[in-house]
Amino acid sequence: MRRDWPTRWRTWRSGFRRLFAIPDYDAYLEHCRRIHPEAPAMSHEEFFRHRLEQRYGNGSGGMRCC
Amino acid sequence: MNKSLQYVMFAAIAVLGAVAIGVVALNRGETINAVWILTAALCTFVIAYRFYSLFIATKVLGLDPDRRTPAVERNDGLDYVPTNKYILYGHHFAAIAGAGPLVGPVLASQMGFLPGTLWILVGVVFAGAVQDFMVLFISSRRDGRSLGDIIKSELGPIPGTIASIGVLLIMIIILAVLALVVVKALAESPWGTFTLIATIPIAILMGVYLRFIRPGRVAEMSIIGFVLLMLAIIYGENVAAHPTWGPALTFPGTTLALMLIGYGFVASVLPVWFLLAPRDYLSTFLKVGFVAVLAVGILVVRPDLQMPGLTKFIDGTGPVFAGALFPFLFITIACGAVSGFHALISSGTTPKMLENETHARFIGYGGMLTEAFVAIMALISACILNPGVFFAMNAPASALGTTVEQASQVISGWGFAITPEILTMTAADVGESSILSRAGGAPTLAVGMAQIMSELFGSRATMAFWYHFAILFEALFILTAIDAGTRVGRFMIQDLLGGFYAPMRETRSWASNLVATTLCVGMWGYILYQGVIDPYGGINTLWPLFGISNQMLAAIALTTATVVLFKMKRERYAWVTIVPTTWLLICTLTAGLQKLFHPDPRIGFLAHAEKFTEAIAQNQVLAPAKDIATMNRVVFNDYLNSGLCALFVLVVLSMIGFGLVSAWRAYVSPRITAREVVYAT
C-alpha cells in the first residue's frame, strides 16, 4: 500500500505523541467516528482536561520510577 | 535469513560477548577501554533476548497471539488503546527509566567497575527483565489491573494490604532519597540552584500556554520550554558570579531540604496543569535526549576506564557506602539490574496499550534490557573519572575533611594518588567552588558526562555547561518525581486510612486531602532532613534502605509471578522466577539483618545507636556531632531506621509465607486456578 505524505506525517506524529504519552486528539476523534458515530465526542479542550485529570488526578497515573 | 546462517550469527555474537567479558573480568593492572564493557553488555543482551526471553515467551508463559488484549477489547481511544509495538516499547522505557539506574552504579563504582558490571548483566537477564516481562503478561491477562489488585485476587486480601503498605513505605523512602540527591547536588552551588529555581516559572509559563494560549500543543510548548531552560543554564553562570545574586542563591543543605519539603507540599496540592504536567513532558524529552546523547558520546569518544576492576573496598570499608560486596553491592545497584518499582509500571499504563500479547516479550524484557544499558553507561561515566576525583566527590566530609589538601592526603592514603591541584582544577572546570563530598551520584555522573561531551566537542570550555546540563536534567526529573510521587503517596495513604475511617477516602475533600498530603510530605521530609544532617552524609545510610526496599518489592512481584505460574499449572517452569526470588531474598534479608544487627557501628543501626548511647551516658560528644542534643537525635534516627528495616524484613517474610501457601494450594488443586479474564471474541 502506497501512502501519501500527509498520511505518513500523521502516522509519525501520532506515534511520537503516543511515545511521550501526549494526548492525541486526532486519534481520539478518529476512534469516536469509527466506534460510536452517533455519540457526541469531547471538544479539543475538554479532551485535554480529561486526559490530564486521568493521568495525574486519581493516584494511579503519574507514577514515576526511581 | 535462513536458519543455519542465523545460528552462525548468534554463535559469533556469543563468542564476541564471551571474549569481551573475559577482557573486562581478567584484565589486571592496565586500563581498559569502555568499548569492552559496552560490547560485553550488548552481546549479553542480544543472546539473552533471542534465547532466554523466547523460552519464557513460548514455554513458560505460552504467549498466545490470538488472544484478545485489554487494549483491543476495551479500546476507548483514551486509556485503552492498541499501540504499535515499537512505540509502546519507547513509551514503557520512558516510564521505567529514571534517576535510579544513574545513581546506583555510580555509588557501586567504589568497588571497581567489575562487580557492578557483572551484577547488572546477570541481574537484568535473570531477574529484572524476567520480572518486568512476567508482570506485564500477568496484568494484561487480568484486564490491565495493578500489582496490588493482582496480589489481592491471586494471594488474598491480607497479603494485598501488606503489599500496599510495603509499596507506600518504598514510595516514602524513594522520595526522601531522590530529594537528598538533589540537595547534595545543589548545596553551595548557586549556578545549579538558579537553574533549578528557574524551571518553576518556566513550567508555569508552559502550563498556562498549554491551557489557555494554545491548548494541547505539547510539542510547541516543550520547544519553548527547552530553549528557556538552555538560556537558564547558560546565564546561570553570570547569575552565580553576580555579587548579590550569587551569595543569595548559595544555600547550605539544610535550607535546601526545607525548601524542597515546602515545595513538595505546595506543588502536590496545586492543579496538575499548572506545574506538574508541563514539567513532566519536558523532563521526559530531556531524559530520552540525555540517554541518547550519552550513548553517542561514549561510542564516539571511547574513553579509557581509570577506575581499577576491583578496589580494596570490596571488604566493606569503603567510604561511599558501608558493607561488604555481598550483600551490599546487590542492594546498591537496584534499578538497572532488578527494580521492584517496574512491577508498578508494568501493571500500570503499559498493559492497557498492548496490541498483542506476544509484544510483551519485546516491551517488558527488551525495555528492561535498555534500562540496564543506561545503568552500564552511568557506570562507565563514573569509572572514566580519576579515581581520586571519584572518591573526593563521593566520600563524606567526616572521612575527607573539608579542604582539598586534607582530602587529597586522605584519598592518596587509600591508594588513589591525587593532588589538591587536580581537585581544585576539576571544580573550576565544571564551574563549582568545590567538588568535595558531593555524594548522591548525580554530580559524579555530571562530571563524567561533562568530560565525555567536552572531549566530543574538543573544548574544555564547555565542561561547565555540560556539568550543569546533567545536574539540571537529574534535578528536574527528581522534582517531577517528588511532585507526582507525593500525589500518589497521598492517594495511597487515603486508601489505607479509609479502611479505618471511611471519610478519609474522599479524594475531593480538602480536609482529608490535606491530612494525607501532610502525612506523606512529613514522612519523606523527616527522612530527608535527617539524611541531610546525618554525620555520614545521608546517602551512606539511606541508599541501602532504598535498595533493600526496592529489591523487596521485586521479591514480592516475583513471588506473585511464581504463584501465578503454579496456578496456571506450569510449575515445572517455575524455577524461572523461583531462582531470582531466592537470590533477592538472600540479598535483602542478609542486608536487612546486617543493617540491624551488624556489630560494626558503620553498618549496623543498633550498634551505632549503642555506641552513641554509651557516649551520651559518659557525657562525651562523638564527632561529627557537636552537642548532646545532636547525639540524642542521632540515636533516635538510628532506632527509626532500624524500625523501617525490620518492617521491610517482616513484610517480605510474610509475603513469602503467603506465596508458599498459595503456591501449595494451586499445586494440589487438580484444576487451573489462575484468575485470568477471557474476553468473548
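User: What percentage of the 66 residues of chain A count as buried?

Analyst: This is a predicted model, so every value here is computed from predicted coordinates. In chain A, 29% of the 66 residues count as buried. The cut-off is 20 or more other C-beta atoms within 10 Å.

User: Which elements make up chain A?

Analyst: Chain A has three helices and zero strands. From the N terminus on, the order is α-α-α.

User: And chain B: how many helices and strands are there, and what share of its residues is buried?

Analyst: Chain B has 27 helices and zero strands. Buried residues are 56% of its 681.

User: How do you know that chain B agrees with a compact globule?

Analyst: For 681 residues the rule gives a value near 26 Å, and chain B has 25 Å, so the two agree. The C-alpha trace spans about 70 × 65 × 60 Å along its principal axes. As for contacts in chain B between residues at least 6 apart in sequence, 80% join residues at least 24 apart.

User: Why is B:Phe341 called buried?

Analyst: Count its neighbours. B:Phe341 has 25 C-beta neighbours inside 10 Å. The cut-off is 20 or more, so B:Phe341 counts as buried. The residue sits in a loop of chain B, between helix H14 (325–332) and helix H15 (342–346).

User: Which residue is 216 positions from B:Phe341 in sequence, and what is the distance in space?

Analyst: That is B:Ala557. The C-alpha to C-alpha distance is 9.3 Å.

User: How do you know that the length of H8(B) agrees with its residue count?

Analyst: H8(B) has 30 residues. At 1.5 Å a residue they should span 44 Å, and the end C-alpha atoms are 44 Å apart, so the length agrees.

User: What makes H8(B) largely enclosed?

Analyst: Burial does. Of its 30 residues, 24 are buried, so the rest of the structure largely encloses H8(B). After the helix comes B:Glu188, with a positive phi near 60°.

User: Which residues have the most contacts inside the largest nonpolar core?

Analyst: They are B:Ala176, B:Leu178, B:Ala179 and B:Ala392, in a core of 239 residues. H22(B) gives the most to this core, with 22 residues.

User: What does B:Ala176 touch beyond four places away in sequence?

Analyst: B:Ala176 touches B:Trp524, B:Ile527, B:Leu528, B:Gly531 and B:Leu542.

User: What makes up the contact between the two chains?

Analyst: On one side are 44 residues of chain B, and on the other 26 residues of chain A. Elements giving two or more residues to the chain B side include helix H4 (85–96), helix H13 (276–301) and helix H22 (463–498). H22(B) has the largest share of that side, eight residues.

User: How do the residues on that side of chain B divide by type?

Analyst: There are 26 nonpolar, 16 polar and two charged residues on the side of chain B that touches chain A.

Conventions: Residues are numbered from 1 along each chain as its sequence is written. Chains are lettered from A and ligands numbered from 1 in the order in which they are written. This is a predicted model: local features need pLDDT of at least 70, side-chain atom pairs count only at pLDDT 80 or more; totals for chains, interfaces and linings use all residues. Helices (H or I, at least four residues) and strands (E, at least two) are DSSP runs, numbered from the N terminus. A residue is buried if 20 or more other C-beta atoms lie within 10 Å of its own, exposed if 12 or fewer, and partly exposed in between; C-beta atoms are placed from the backbone. Two residues are in contact if their C-beta atoms, placed from the backbone, lie within 7 Å. Ala, Val, Leu, Ile, Met, Phe, Trp, Tyr, Cys and Pro count as nonpolar, Asp, Glu, Lys and Arg as charged, and the others, Gly among them, as polar. The expected span of a helix is 1.5 Å times one less than its number of residues. A nonpolar core is a set of buried Ala, Val, Leu, Ile, Met, Phe, Trp, Tyr and Cys residues joined through C-beta atoms within 7 Å. The radius of gyration is taken over C-alpha atoms; the globule rule is 2.2 Å times the number of residues to the power 0.38.
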